[in-house]
Amino acid sequence: MTKRHGYALLAAIIAVVVALSAAIYAGVAADDGSGGTQNHVARDRTPRNSAAPASTGTWVGAWSASPVGAEPGTETTGMAGHSVRNVVHASAGGTSARVTLSNLYGQQPLTLTHATIAVAATANTAAATTDTMRRLTFGGSTSVVVPAGAQVMSDAVRVPIPYGSDVLVTTYSPTESGPVTYHPHARQTSYVAEGDLAEDVSGTGYTEQTEYWRYLTALDVLSDDSAGTVVVLGDSLTDGITSTVGANHRWTDVLSERLRAAAGSGSDSGPRYSVVNQGISGNQVLAAGLGRPADNPSGLSRFGRDVLDRTNVKAVVIDLGINDILRNPSHVDPATVTDGLRKLVREAHARGLRVVGATLMPFQGHRGYTSGREAVRQAVNAEIRAGKVYDAVVDFDAALRDPYNPRRLRGDYDSGDHLHPSDKGYKRMAEVFDLGDLKGSVSAEL
């Protein structure tokens, strides 16, 4: 081959490469961010504002709530013909977001034809901040059918979620699909409107208020601030049942603020983790409610879904056991409670997760108090303090008990029912938590 023919061949090859590159670029530029994969229930094309996020940052849990049961009164119609606007508080900020919707307690498929996410204009409002309203998609579709007993995660959508902001997640279902999977005792006001107002920014149509979270069980964000998620498994003390509505005064909220402040100050006292709350009022380690699936599922039965399956879990905190004592008609064996807690720890260890556990707080003065139950509580706490249950211990009992009568809560930490803390008591719980306990490797099998 002559030199002249060689140059000609090289020029031809370069021309082919340039043409192929241009075609590939054009195809990428035309892509709508759906990835081209269609869900088996897909209907509409992905709108432009649901473009996939840039691949920077780390996915973490910004908020979560456990599905508790089937909402009474929704057995037949569900929320057909209504827009459900859940208000949740973000424990991490990010540049993109995705949500998980659950039909765990539904007895028929849940059809959602419209779902959105937006940042609330202010705290405790149904109104959205201008230019943050985004339509959610599922496998590239703006509609999704969630089978009975199942859940679905949305596609990621680019939307700035500030740390500590309220986030609005709205769903609309046109068809009857009950019962509704919900979380009562949210201590947060959410909203309902008639008709499809999923993309309404003003919030004026949301005339019905509720303290339930419906369908929504998780909000994840793509974050540059957080490196992972702390999951807190608990009962009403973690659910924050007596905290001020709409104030985010659960002890897990205050723990999130402490972690954020420690990271922002450059302190080495704690890791850069977000916090998600998996508390269920009345929850027990061992026993569950009635039904299939069971209402108020036990800690053991829900540990995989509510803890291990959360996004980018780095550490687990457990505050369970008091209801196993209170709700047992006879005096439960302390070893039954601690053995159940050790099973949870073993499951976490199998995933390489460190577990911080809480002592059980006093409840003298509560209607369920007896001297026998107090003895069980003391025995359980003795095992926990001896290091025979958890990797590390946060001593809520010592922090909140009355120094003159350690069988009951200190007066200013008591909400008044002698079992649940006041806002000041919840704050104290978070203050005594050693942030350093969330770091480190998993200990040997206990």
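One term first: a residue is called buried when its relative accessible area is under 20%, exposed when over 50%, and partly exposed in between (1.4 Å probe, protein chains only). This is a predicted model, where local features need pLDDT of at least 70, side-chain atom pairs count only at pLDDT 80 or more, and totals for chains, interfaces and linings use all residues. Residues are numbered from 1 along each chain as its sequence is written, and side-chain values use heavy atoms, with hydrogens and water left out.

**Colour by confidence.** pLDDT is the predictor's confidence in each residue, from 0 to 100. The protein has a mean pLDDT of 89, with 85% of its residues at 70 or more. Now select residues 1-49: pLDDT stays under 50 there.

**Select Phe396 and Trp251.** Phe396 is buried, because its relative accessible area is 0%. Trp251 also counts as buried, at 0% relative accessibility. Rings of Phe, Tyr and Trp (its six-membered ring) pair if their centres lie within 6.5 Å; planes under 30 degrees apart are stacked, over 60 edge-to-face, and the rest tilted. This rule gives five aromatic pairs. Why is the pair of Trp251 and Phe396 edge-to-face? Their ring centres are 5.1 Å apart and the planes meet at 70 degrees, so the pair falls in that class. The two residues are 145 residues apart, with Trp251 in helix 3 (residues 251-264) and Phe396 in helix 8 (residues 396-400). Helices here are DSSP runs of H or I with at least four residues, strands are runs of E with at least two, and both are numbered from the N terminus.

**Move on to two arginines.** A charge sits over a ring if NZ of Lys or CZ of Arg is within 6 Å of the ring centre and within 35 degrees of the ring normal. Arg98 lies over the face of Trp59, 4.2 Å from the ring centre. Arg410 does likewise over Tyr413, at 4.1 Å.

**Stop at Ser226.** Look in the loop between strand 16 (216-223) and strand 17 (228-234). Is Ser226 buried or exposed? Ser226 is buried, as its relative accessible area is 8%. Contact means heavy atoms within 4.5 Å; leaving aside neighbours within four places in sequence, Ser226 touches Thr58, Val60, Ala92, Arg272, Tyr273 and Ser274.

**Finish at helix 4 (residues 299-308).** Its buried residues include Phe303 and Leu308. Among the elements covering the buried residues of helix 4 are strand 17 and helix 6 (334-350).
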